[in-house]
Each structure stands twice: as C-alpha cells, then as structure tokens.
Amino acid sequence: MAVLAWLLLAGPVLAVRAVHVDGITTLPADQVQEAAGIGSGTPLLRVDVDAAEARVARLPQVRSVEVTRDWPDSVVITVLERVPVAVVGDAGRRSLVDAEGVLFDTVTGPVPDGVVPLEVASPGPKDPATRAGIAALGSLPRDVRKKVESAAAHGADDVTLTLTDGTVVRWGDASESRAKSAALVGVLEQIDADRLDPAATIDVSTPDAVVLR
C-alpha cells in the first residue's frame, strides 16, 4: 500500500509528461498551457484540475474550460473560445463582443469576417442596449450578417442595422429576434429575385407585418 501511495502521489511513473489543449481556434496553445500552470513531472493525482480551470478561465478569450487527467501521463485542457459577433469602440482601441455581450479582446487591425461594428453608449453584458444589438446580430444567418455594414443600439428598443448597400433595417427591441431575422431574410431574397423593389428602409420591428419604405 505504501508503494502504491508513493507511485500515485510522488512517483515519476504516473506523472505529467504532456499537456494537450483541445478546442482552440485563435488562442495559442502555449498561452493556455502557461495559464494552466501544470508543471511537467507533477504526479497526475496531485494536479489540481479545479485551480487549473480557474486560471485558464481568466483568459479573456475563454468562454468555458475543462481540465481532465488522461492516465497514465498527460492532462487535457478543453477550451471553448468566445466567438465575436460585433466590435465596439473607436479605431485603434476597439473590442470584440461575443453573443453574451462580453468584451473580450482588443482589435487594432481588421476585424474577423462577419463581425459587425456596433454603436452603443455603454457596451457590456449588463447593458440592455448592448444585449439588444447583439441579439439582433446573433440571430442573423452568417451570410446575411456579412451584408450588414454597421449596427446601432441607441436603447434597448431602438436597434437599427445598415446594410452594405445603404438599406436601413429597423429592428426595434430584442424580442422575437429569430422571427425578425427570418422576415428580413425573406425580404432580401425577394428583392434579390426582383420580386420586390429595393427599399431605403425595411422595418421588421413587427415581424408579421414588415414595412418597406
């Protein structure tokens, strides 16, 4: 029993020889490994997976993380990264925003494809206007979101989108975002097929009674 206890708690046989990182797309693996702070040679049974998870979770780009022991000699860190939906702020000090309204990374150059500039007074996950703007953008299919030049949320019930061709979409509040998205997609398809004339404004604030002006 003493030998077994020594092998598990102090011996080199069941010790960490590798730390693997899964699920990352933009985060460097070495940054995650460094944040986890799991030293090579640490007996697997002594690896504090909860503490390692807490350290990795402090990385702004991480939405969730799970650290597991992979016997006999490795640790696996599975990361779910935040996915940007919008970008807020002025050029040179803009921040990416995910679907929860969390500002998690600074952008100095071009933003990722499909990420829309969002004008909002007080960006953040607790701001109703931010949540409304993100709800609108997050409900759009990716191919439609690429057609959105910019968005603005001047209040929780006053969201507008501006398309790349200059069309203004009046969205209203965050309610029925899926239905509003479907209504907008339908209208754009009709316009593209020449079954509807292009409009300067598309009002989908009441999705079952869309108004074109």
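Strands E2 and E3 run antiparallel and are joined by eight bridges. Helices (H or I, at least four residues) and strands (E, at least two) are DSSP runs, numbered from the N terminus, and two strands pair if DSSP finds at least two bridges between them. Valine 62 has glutamate 81 in E3 as its bridge partner. Helix H2 (residues 29–36) packs on the sheet and touches E1 and E3, with its direction at about 120° to that of E1. Helix H3 (residues 49–57) also packs on the sheet, where it touches E2 and E3; its direction makes about 150° with that of E2. Contact here means heavy atoms within 4.5 Å. Axes are lines fitted to C-alpha atoms, for helices over the stretch in contact, and angles run from 0 to 180 degrees between N-to-C directions.

The sheet is open, with three strands in the order E1-E3-E2 and mixed pairing. Its edge strands are E1 (18–22) and E2, each of which pairs on one side only. On average, neighbouring strands of this sheet are turned by 20° against each other, direction ignored.

## Basis of the model

This is a predicted model, in which local features need pLDDT of at least 70 and side-chain atom pairs count only at pLDDT 80 or more, while totals for chains, interfaces and linings use all residues. Residues are numbered from 1 along each chain as its sequence is written, and side-chain values use heavy atoms, with hydrogens and water left out.

## Overall form

The protein has six helices and twelve strands. Its radius of gyration, taken over C-alpha atoms, is 23 Å, whereas a compact globule of 213 residues would have a value near 17 Å; the globule rule is 2.2 Å times the number of residues to the power 0.38. Along the principal axes, the C-alpha atoms fill a box of roughly 80 × 35 × 25 Å.

## Nine-stranded sheet

A further open sheet has nine strands in the order E6-E5-E4-E7-E8-E9-E10-E11-E12, with mixed pairing. Strands E6 (103–107) and E12 (211–212) stand at the edges with a single partner strand each, so one side of each is left without a neighbour in the sheet.

Strands E10 (residues 168–172) and E11 (residues 201–203) run parallel and are joined by three bridges. Valine 169 stands opposite isoleucine 202 in E11. Helix H6 (residues 177–192) lies across E9 (159–163), E10, E11 and E12, and runs at about 160° to E10.

## Backbone geometry in loops

Most residues other than glycine have a negative phi, and most peptide bonds are trans. The peptide bond from tryptophan 71 to proline 72 is cis, with omega near 15°; proline 72 is found in the loop between E2 (62–70) and E3 (74–81).

Glutamate 176, in the loop between E10 and H6, has a positive phi near 55°. Aspartate 194, in the loop between H6 and E11, has a positive phi of about 65°.

## Second largest pocket

The second largest pocket has a volume of about 150 Å³. On a 1 Å grid over the protein atoms alone, a pocket is an open set of points where a 1.4 Å probe fits, with protein on both sides within 12 Å along at least five of seven lines; lining residues have an atom within 4 Å of a point. Its volume is the space filled by probe spheres set on the points. The lining includes Lys147, Asp165, Leu188 and Ile202, and H6 gives the most to it, with three residues.
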